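Let us walk through this model from its overall layout down to single residues. Keep the structure open as you read.

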Amino acid sequence: MPPMSEPAICSAKGCRATAAYAVVWNNPKIHPPEREKIWMACEEHCQWLADYLDVRGFLRRVDRL
Ligand SMILES: [Zn+2]
């Protein structure tokens with residue numbers, strides 16, 4: 001996780017909005033089960049990113065920052 005003094009920026013391509021959510025995921029084909037990847041997401045892109053991961057079976061959870 002980035003330090004709190006620096007606001008996280010949305011992970012969506014081309015988006016510079018401050019992130020409001022942490023989208024937590026894991027690709028079981030390449031990541032060990034304990035590994036958690038995190039995409040930061042703004043209000044606008046949270047659902048899009050979560051859906052993208054969910055259809056691939058990678059989505060674990062979405063945390064409000
Ligand atoms: Zn965004």
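Helices here are DSSP runs of H or I with at least four residues, strands are DSSP runs of E with at least two, and both are numbered from the N terminus. By that count, the protein chain of this predicted model has 1 helix and 3 strands. Read from the N terminus, the order of elements is β-β-α-β. The radius of gyration is 12 Å, close to the 11 Å that the globule rule gives for 65 residues, so the chain is as compact as a globular protein of that length. Along the principal axes, the C-alpha atoms fill a box of roughly 30 × 25 × 20 Å.

Start with the sheet. Strands of a sheet pair through backbone hydrogen bonds, either parallel or antiparallel. Here the pairing is antiparallel, and the 3 strands form an open sheet in the order β2-β1-β3. The edges are β2, residues 37–41, and β3, residues 59–64; each of them pairs on one side only. Neighbouring strands are turned by 20 degrees against each other on average, direction ignored.

Now look at the pairing of β1 with β3.

Next comes the helix. α1 spans residues 43–55 and lies across β1, β2 and β3. Its direction is at about 5 degrees to β1.

Which residues of α1 are buried? They are H45, C46, L49 and L53. These residues cover an arc of only 120 degrees around the axis, which puts them on the same side of α1. What covers them includes β1, β2 and β3. Turn to the face of α1 that points away from this buried side: there you find the exposed residues E44, W48, D51 and V55. Burial here is a count: a residue is buried if 20 or more other C-beta atoms lie within 10 Å of its own, and exposed if 12 or fewer do.

After α1, check the backbone at G57. This glycine follows the helix, and its phi is positive, near 80 degrees.

Finally, step back to the whole chain. Buried residues make up 20% of the 65 residues. Then consider contacts between residues at least 6 apart in sequence: 57% of these join residues at least 24 apart.

How values were computed: Residues numbered from 1 in each chain as written. Predicted model: local features only at pLDDT ≥ 70, side-chain atom pairs only at ≥ 80, totals over all residues. Pairing = 2+ DSSP bridges. Axes fitted to C-alpha atoms, helices over the stretch in contact; angles between N-to-C directions. Contact = placed C-beta atoms within 7 Å. Arc of directions from axis to C-beta. Rg over C-alpha atoms; globule rule 2.2 N^0.38 Å.
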